[in-house]
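Visitor: I would like to learn how to read the features of a model like this one. Please give the general idea first and then the case at hand.

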Amino acid sequence: MVGSKIILLDVDGTITDYENFIPQSCKDAIKRARSNGHRVYMCTGRSKAENPQEIWDIGFDGMIGGNGCYVESDGEVVMHQLITADQCRHIVDWLHGRGLEFYLESNNGLFASEHFREAAAPVMTLYAKGKGASDEDAKTSAHAFMDTLTYGAELYRDDLNKVSFILSSYQDHLDSVDEFPDLVARTWGGKGEHALFGDLGVKGIDKAHAVRVLVEHLGADMADTVAVGDATVDIPMFECCGTSVCMGSGGEEAKAAADWVTTDVDDDGMWNAFSHLGLI
């Protein structure tokens, strides 16, 4: 692979493992690619506030966040499409009415519902175990995540990228699709009826749309884009980019959609992908 590329990297399960550990080889690969003249962006479901300083310290040219609602390049906000204040009020009231715990995702922070900490502890532990973590590591990862949230804050907001809520059953997700036709309803933390969370975001937004917005802003060509991810939510990004790679630790659907599958995230997966593609 020759010429300057625009590299789009998912975070969870791609840059980090599911205990938020970043392999040194991943950091080295990103730094080497940038020193070779390639541009590297995070392209993640996370909002900007969710990324710890350790990730930013690797060095990036910008990020796509909130599964595509936020695009930043060279410190400039290129696009930011938010859930409206009225939509937020509707979501919060509906979730409260169903007794579902949730957190609101904003570039300014993550804001949890009243009883989220207690309800989420076993769910986040199950999520981490599903990604291969041991019992002890899964509990540590769950509590570390919950410590990043703000509790007791105002829940009617106008700065939201998306909202995640704990599913009591898959029916909660199906009902959210009907309740919020003006938003996009997804699930995460498992496939199909085994999902752990529902989420609600801006309609018409996904990672592929955001990548196109970024590439147009840069005056670049979609043929020069490289996507690396691990999950179903990354498939639109895989389909729109010139080259796509799935982590070896990724899901089967994502692997099937990618051009190439590298090794696991904690088995030098990023370094091996960048090496295979001639980026480093």
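**Strands, helices and cysteines**

Guide: Strand 7 and strand 8 (residues 150-151) run parallel and are joined by 2 bridges. This is a predicted model, in which local features need pLDDT of at least 70 and side-chain atom pairs count only at pLDDT 80 or more, while totals for chains, interfaces and linings use all residues. Residues are numbered from 1 along each chain as its sequence is written, and side-chain values use heavy atoms, with hydrogens and water left out.

Visitor: What do strand and pairing mean here?

Guide: Strands (E, at least two residues) and helices (H or I, at least four) are DSSP runs numbered from the N terminus. Two strands pair if DSSP finds at least two bridges between them. Strands of a sheet pair through backbone hydrogen bonds, either parallel or antiparallel.

Visitor: How many bridges join strand 6 to strand 7?

Guide: There are 4 bridges between strand 6 and strand 7, and the two run antiparallel. A hairpin of 2 residues connects them. Y103 faces A112 in strand 7, and S106 stands opposite G109.

Visitor: In what order do the strands of that sheet lie?

Guide: The order is 8-7-6-9-11-10, an open sheet of 6 strands with mixed pairing. Its edges are strand 8 and strand 10 (183-188), each pairing on one side only. Helix 6 (residues 170-179) packs on this sheet, touching strand 9, strand 10 and strand 11, and its direction makes about 165° with that of strand 10. Such angles run from 0 to 180 degrees between N-to-C directions, with axes fitted to C-alpha atoms, for helices over the stretch in contact.

Visitor: Are the faces of strand 7 covered or open?

Guide: In a regular strand the side chains alternate between the two faces of the sheet. For strand 7 (residues 109-112) both faces are covered: G109 and F111 on one side, L110 and A112 on the other, are all buried. Buried means under 20% relative accessible area, exposed over 50%, and partly exposed in between (1.4 Å probe, protein chains only).

Visitor: Is E105 buried or exposed?

Guide: E105, in strand 6 (residues 102-106), counts as buried because its relative accessibility is 1%. Contact means heavy atoms within 4.5 Å. Leaving aside neighbours within four places in sequence, E105 has contacts including E50, D159 and K162.

Visitor: What is the arrangement of the other sheet?

Guide: There, 8 strands form an open sheet in the order 5-4-3-2-1-12-13-14, with mixed pairing. Strand 5 (76-80) and strand 14 (260-261) are the edge strands. Strand 1 (residues 6-9) and strand 2 (residues 39-43) run parallel, joined by 4 bridges, and I7 stands opposite V40.

Visitor: How do helix 1 and helix 10 cross?

Guide: The axes of helix 1 (residues 24-35) and helix 10 (residues 269-276) come within 7 Å and cross at roughly 30°. The two helices are therefore roughly parallel; the cut-offs are under 35 degrees for roughly parallel, over 145 for roughly antiparallel, 65 to 115 for roughly perpendicular, and oblique for the rest. Among the residues meeting there are I30 in helix 1 and W271 in helix 10.

Visitor: How many disulfides does the structure hold?

Guide: A disulfide is a pair of cysteine sulfur atoms within 2.5 Å. The structure holds 0 disulfides. C69 is in none, and the nearest cysteine sulfur, that of C43, is 11 Å away. For C240, the nearest is that of C241, 4.0 Å away.
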